[in-house]
Amino acid sequence: MDKFTNSAWFMRIVAFALAALLFISINFEMESDKKSLGLSTAPEISTETIENVPVEVYYDRENLVVSGVPETVDVTLKGAKSLLINAKNQRDFKVYVDLSDPAISMGDRTVTFKISELNEKLVATIDPEYAEVNVQERVTKEFSVEAEYNSSLLEEGYTAGQPTVSPKTVKITGAKDAIEQISYVKANLEISKGLNETVNSKATVKALDRDLNKLDVTIEPSSVAVSLKVSIPSKTVSIAPKQTGKAKDGIRITSISVDPKEVTLFGSETSLEKIDEINLPVNISKIDGDTELELDLNKPDSVQKMSLGKAQVKIRTEKVDVDEENAEPVVEEEEPETEQKQEEQVVEEKPEPKEEDEAAAIESKTFNDIQIVPVGIRDDQDAELESDVTSITLLGEADDLKKITKDDINLTVDVSNLDEGTHDVDLAVTVPEGVEWELDSKTVSVTITQKDEET
């Protein structure tokens, strides 16, 4: 035994074994230290799915149109967890379809999704793997735009003209077969309530096929301005005061006048044809003397609206004795005239022609700065008169003219049916009965403008 232990080979074997143990011990401690510090020689492999990754399409956009490529895909990545987390957070890779080859043919084809700018230590799987796409020649064509609206929303009595659009044409770009399918280009005016006034709004343009299906094309401009003129027929009628009740004892009503003397009614033509005047009941049972009242005008059920809702009424009275008011007139008997009296009467009377007396009694009276009142102005318009005052000359008997004041004269101009622009409109004149009138000009220039839309 001593001979074996003292041999050279024994010593060599022992030295090798000690060296092997020392190597294993050192490596074991190093691995332990690495794990305690979070270090590992073999990285942890994991997978992560990133959803809704945008897809880019490379092709000749000036001459081609490509359809069928989905907007997004899902990408599953496999690799070291630290790399996965970074890729998911940064999303610095791209998924694309390459159709940039100039020699590419038109029609349907199957293309594979590709990925770029991804860390080479990660493996990517794309879902779906490919797409069925269609490549067509890019075509641009000009089309006329037709505006439309829901006519059932028009309120009763109102009428609408043909809607107008600006601009009248648009340029539509798309695949050649899509452009060839276009049958209608429409701008639909969105109205959510009853239509009773002119509408000025923006409307989105749509290209439709013969079955009214929307086509996938690009429209320039994508929206147009649409104007729809909405109006209502009108008619100007007189206001007729109607006496009701019985006057008090000792009071006699000598006259009842109304200011203004006319009112403009708005409604359907059928309804307006049946109305010639608006009755204004005036109760005289409580009148003690000359009185001025403001009374409501009753709107007929068939009329949509009136230009005014009240009117001023002037009542003129005189006091009389009750006995005189109720007594019957006494007719005195005439004594027979002698021939001498008859001769005297003939001598004293100097009759002149009746026509000359009447002619001599006619006089004129001029009123200056009489206000001209526009009636029937629509809510969406402004009306500006070139001159809102004028002079008028009245012709009549002197006694009648003395009683007339400016308040008895009413000048109006009806602007209810005027379009935007400047118009010469006839003046409507209302004066007391029994007199005639003269104007320097029977028309007035009226400028109609559209009110600015509220923002």
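Is leucine 18 buried or exposed? Leucine 18 is exposed, with a relative accessible area of 54%, where buried means under 20% relative accessible area, exposed over 50%, and partly exposed in between (1.4 Å probe, protein chains only).

## Basis of the model

This is a predicted model, in which local features need pLDDT of at least 70 and side-chain atom pairs count only at pLDDT 80 or more, while totals for chains, interfaces and linings use all residues. Residues are numbered from 1 along each chain as its sequence is written, and side-chain values use heavy atoms, with hydrogens and water left out.

The pLDDT is the predictor's confidence in each residue, from 0 to 100. The protein chain has a mean pLDDT of 81, and 85% of its residues reach 70 or more. Over residues 327–360 the pLDDT is below 50, and this stretch has three contacts in the model beyond near neighbours in sequence; a contact means heavy atoms within 4.5 Å. Where pLDDT is low, the predicted coordinates should not be read in detail.

## A nonpolar surface patch

Leucine 18 lies in helix 2 (residues 8–36). Helices (H or I, at least four residues) and strands (E, at least two) are DSSP runs, numbered from the N terminus. Together with Val14 and Leu21, Leu18 makes a nonpolar surface patch of about 280 Å².

Patches are made of residues with over 30% relative accessible area and no salt bridge; like charges are joined within 9 Å, and nonpolar side chains (Val, Leu, Ile, Met, Phe, Trp, Tyr) within 5 Å. Accessible areas come from the Shrake-Rupley method with a 1.4 Å probe, and for residues only the protein chains shown count as cover.

## Salt bridges

Side chains of opposite charge can pair when their charged atoms come close. The structure holds ten salt bridges, each being a side-chain nitrogen of Lys or Arg within 4 Å of a carboxyl oxygen of Asp or Glu. In one of them, lysine 248 pairs with aspartate 288, and the closest N and O atoms are 2.6 Å apart. Lysine 248 lies in the loop between strand 18 (234–244) and strand 19 (251–259), and aspartate 288 in the loop between strand 21 (277–283) and strand 22 (291–296), so the pair ties together parts that are 40 residues apart in sequence. Lysine 248 is partly exposed, at 35% relative accessible area.

Glutamate 318 and arginine 252 also form a salt bridge (3.0 Å, N to O). Because glutamate 318 lies in strand 24 (residues 310–319) and arginine 252 in strand 19, this pair ties together parts that are 66 residues apart in sequence. Both residues are partly exposed, glutamate 318 with a relative accessible area of 33% and arginine 252 with 36%. A further salt bridge joins aspartate 296 and lysine 310 (2.4 Å, N to O). Aspartate 296 lies in strand 22 and lysine 310 in strand 24, so the pair ties together parts that are 14 residues apart in sequence. Aspartate 296 is partly exposed at 46%, as is lysine 310 at 42%. Salt bridges that share partners join Glu146, Glu148 and Lys186 into one network.

Lysine 206 lies in strand 14 (residues 199–208) and is partly exposed, with a relative accessible area of 40%. Not counting residues up to four places away in sequence, lysine 206 touches Tyr184, Val185, Lys186 and Ile219.

Glutamate 363 is placed in strand 25 (residues 362–375) and is partly exposed, at 43%. The C-alpha atoms of glutamate 363 and leucine 394 are separated by 8.3 Å, although the two residues are 31 residues apart along the chain.
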